[in-house]
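Hi,

Here is the structure I said I'd pass along.

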Amino acid sequence: KKKKKKKSTHVVPMTTTNNNDTTTSSVGPPANATTTTTTTTHHHQTNKNAALAARIKRVMQSDEEVGKIVKTTPLVVAKALELFLTKLFKATADMALAHGARIIGPTHLKGAIQDNDEFDFLEDVVKDVPDLPPPPDPAMLAAKLLERVDEDGNPKKKEKKKKKK
């Protein structure tokens, strides 16, 4: 015997905003009976974390001593990793900015790790990276940064050198 497929009711989430309040409600199928999907930043971020969680789960399961893993564990680890890296990259970017650098380098990472007690456990990782020189005088740094922008505060465009014929 063939099993009959039951018609499923598609639930489409709808979000409305009223004066900074967000409410979510569910409605039945749309009039034309097709499912409508809305992509949001939150949904995209969830997909990224889910992909990362799958990798984390594989790494966790590669250890023979690890048994079953609760489904939410890799997601929590992924979120913790995201928050940690955000904090580390922010500290590194701040270090580069304090030194007037346009590009973040390993020395800025080492400086951020040495400057922040939370990152002490990473000092062995960057021990072979050269030390960051002391930051320049703030007045000189401000003058250097002002040279890079126009009167509106936008970065100046580099002039292309004309080739001589």
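Phenylalanine 121 is exposed, with a relative accessible area of 56%. For that I call a residue buried under 20% relative accessible area, exposed over 50%, and partly exposed in between, using a 1.4 Å probe and protein chains only.

Before you read on: this is a predicted model, where local features need pLDDT of at least 70 and side-chain atom pairs count only at pLDDT 80 or more, while totals for chains, interfaces and linings use all residues. Residues are numbered from 1 along each chain as its sequence is written, and side-chain values use heavy atoms, with hydrogens and water left out.

Now the rings. Rings of Phe, Tyr and Trp (its six-membered ring) pair if their centres lie within 6.5 Å; planes under 30 degrees apart are stacked, over 60 edge-to-face, and the rest tilted. That rule gives two aromatic pairs. In one, phenylalanine 84 and phenylalanine 119 have ring centres 5.9 Å apart and planes at 75 degrees, so they sit edge-to-face. This pair links distant parts of the chain, 35 residues apart: phenylalanine 84 is in helix 2, and phenylalanine 119 is in the loop between helix 3 (106–115) and helix 4 (138–147). Helices here are DSSP runs (H or I, at least four residues), numbered from the N terminus.

Together, ring pairs link Phe84, Phe119 and Phe121 into a cluster.

Phenylalanine 119 also belongs to the largest nonpolar core, which has eight residues, including Leu88, Ala112 and Val126. Such a core is a set of buried Ala, Val, Leu, Ile, Met, Phe, Trp, Tyr and Cys residues joined through side-chain atoms within 4.5 Å. Helix 2 and helix 3 are the elements giving two or more residues to it. Leaving out residues up to four places away in sequence, phenylalanine 119 touches Phe84, Lys87, Leu88, Ala91, Ala112 and Ile113, where contact means heavy atoms within 4.5 Å.

Lastly, threonine 92. It lies in helix 2 (residues 72–98) and is buried, at 3%.

Cheers
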